[in-house]
Each structure stands twice: as structure tokens, then as C-alpha cells.
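Subject: Structure handover

Hello,

Here is the structure I said I would pass on. My notes on what was found in it come after it.

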Amino acid sequence: TQGMMQSALNGTDPVIFLESQRIYDMAKELREKHELDVQCILTKKQGHATEIARRLCKEGGELRFYACGGDGTANEVANGILGFDNAAMTMVPVGTGNDLLKNFGDDLEKFRDVENLWDGPMDVIDVNGRYALTIACSGIDARVAADVHKYSESPLLDGKSSYIVSLLVNFLFKGIGSHWKVEMDGEEMEGDWSLVSVCNGRYYG
């Protein structure tokens, strides 16, 4: 299940957390320590964090969102708040993959503490109106990532096991390569490749 946490920039706006028990404990600590009005919401489906974030941004008030999960959760929150001047976001890494935060090196551990907030702008990749934070990919890796959500619904598989199963199924039974035509900076390339990726960071996979 994906997670998201929304915090206020001041003491009157709510803080909203989504994810595991540890996140609920963080919410309780913020509520008691900073006297914030905190409510906890669990995301229930793929894309739910985007829906929630966009709805809250439209309601007004300055908001800071904490994406509690992995890269997928961060992507959903970002797609919900981009275009709104009243919203900012950070991450608490509790998901399957955290390639985005790996770009911060040793400072990644600071993101596990909600008292530490990273403040600064970030470039995003525009993919036909949807935004990617670190990587926009298509091909075998995108299929593997998409199928992880399907296999993670099994009570027998955790996040890592879901990824391994998705990897095996896609490589062994669905084929690796596809035919591509790519145009970039006025140049066109065509051929059979396993994946095509546009990257905005130092880590991939």
C-alpha cells in the first residue's frame, strides 16, 4: 500500500500521514510536540495520493506534503501538487525503492526524521502532461514496475518479493525487447531495445 504524509507550514493547517504504523506514530508525535491538528489517511489504490493531494491543494491554505513510501508514492504526490503555489513536498523513505533520495547521499537518513525538512526547488520531467521526478522510462523496466503493484496485492508477498516475481515473469514470459523510434534534439534513432529512459538523477534501479 502506498503512503503519503501532508504537513502544515504553520500551526493551523492539518498534517496528514498515510502508510504504516510507524507513520501514525510520527503523526502522534507531531500532534503532541507542535500542537498540530493531525489526521491520518491510508491510500487505497494506485493514483490515490495524487487525487488526495490535488483536492487538498484546491481547498487552499499553505501545505507541505510528506510522501511516506517509495519513488512511486513521491511521484503520485508530486503529480498532485505541481501547478499549485500553496504546496511543497518532501519524503519519508519507507517504500520498496527510494532512488530519488539516493541522490542526497549520506543525507538520505535525515529524511527518516520528520523534524528534518529539505527546502529547495527541483526539476521534473514532463511526459505528455504527467511528471517524473527522477526517471521517465518505457520498456521492460516500466512493465516490471507496473506489475509490482499487481503482485503486491498477494498476502504471501512483501514489497521486495513482489519486485522479484514481477522481474522473473516479465523476463521469462513476456519478452525483453521492443521496436522503438526515438527523436531527440532533432535527431532520430530507430531500433530494437529493451528500454528507453530519460533520467534526472544519478540512480536507476
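Predicted model: local features only at pLDDT ≥ 70, side-chain atom pairs only at ≥ 80, totals over all residues.

The chain as a whole

The chain has 205 residues, and 38% of them count as buried. Its secondary structure comprises six helices and eleven strands. Among contacts with a separation of 6 or more, 58% are between residues 24 or more positions apart.

Salt bridges

The structure holds six salt bridges; I describe some of them here. Lys 110 is paired with Asp 107, and their closest N and O atoms are 3.3 Å apart. Asp 107 is partly exposed, because its relative accessible area is 36%.

Lys 45 and Glu 51 form another, with 3.6 Å between the closest N and O atoms. Lys 45 counts as partly exposed at 47% relative accessibility, and Glu 51 counts as partly exposed at 42%.

A further salt bridge joins Lys 174 to Asp 147, where the closest N and O atoms are 2.9 Å apart. This pair links distant parts of the chain, the two residues being 27 residues apart: Asp 147 belongs to helix H5, and Lys 174 lies in the loop between H6 and strand E9 (178-184). Lys 174 is partly exposed, with a relative accessible area of 42%. Asp 147, at 13% relative accessibility, counts as buried, because the cut-off for buried is under 20%.

Helix H6

Helix H6 covers residues 159-173. From its first C-alpha to its last, H6 reaches 21 Å over 15 residues, close to the 21 Å expected at 1.5 Å a residue. Which residues of H6 are buried? They include Ser 162, Ser 166 and Asn 170. These residues are on the same side of H6, because the arc they cover around the axis is only 55°. An α-helix has 3.6 residues a turn, so residues three or four places apart point the same way. The buried residues of H6 pack against helix H5 (140-151).

Lys 160 and Leu 172 are exposed on the other side of H6. For Leu 172 the relative accessible area is 60%, and the residue counts as exposed because the cut-off is over 50%. Leu 172 also belongs to a nonpolar surface patch of about 730 Å². The patch is made by Tyr 163, Ile 164, Leu 168, Phe 171, Leu 172, Phe 173 and Ile 176.

Helix H2 runs over residues 48-58, and its buried residues are His 48, Ala 49, Thr 50, Ile 52, Ala 53, Leu 56 and Cys 57. Just after H2 comes Gly 60, which takes a positive phi of about 95°.

Both Cys 57 and Gly 60 are in contact with Asn 86. Where is Asn 86 found? It is in the loop between helix H3 (71-81) and strand E5 (87-93). Asn 86 counts as buried, because its relative accessibility is 17%. With neighbours within four places in sequence left aside, the contacts of Asn 86 also include Gly 61, Glu 62 and Leu 63.

Which value does phi take in Asn 128? Phi of Asn 128 is near 55°, which is positive in a residue other than glycine. Asn 128 sits in the loop between strand E6 (125-127) and strand E7 (130-132). At 82% relative accessibility, Asn 128 counts as exposed.

Asp 185 is not a glycine either, yet has a positive phi of about 55°. This residue is placed in the loop between E9 and strand E10 (187-193). Its relative accessibility is 77%, so Asp 185 counts as exposed.

Regards

How values were computed: Residues numbered from 1 in each chain as written. Heavy atoms only, no water. Helix = DSSP H or I, 4+ residues; strand = E, 2+ residues; numbered from the N terminus. Buried < 20%, exposed > 50% of the residue type's maximum accessible area, 1.4 Å probe, protein only. Contact = heavy atoms within 4.5 Å. Patch = residues over 30% accessible without salt bridge, like charges linked within 9 Å, V, L, I, M, F, W, Y side chains within 5 Å. Areas by Shrake-Rupley, 256 points an atom, 1.4 Å probe, with all protein chains shown as cover. Salt bridge = Lys/Arg side-chain N within 4 Å of Asp/Glu carboxyl O. Expected span 1.5 Å × (residues − 1). Arc of directions from axis to C-beta.
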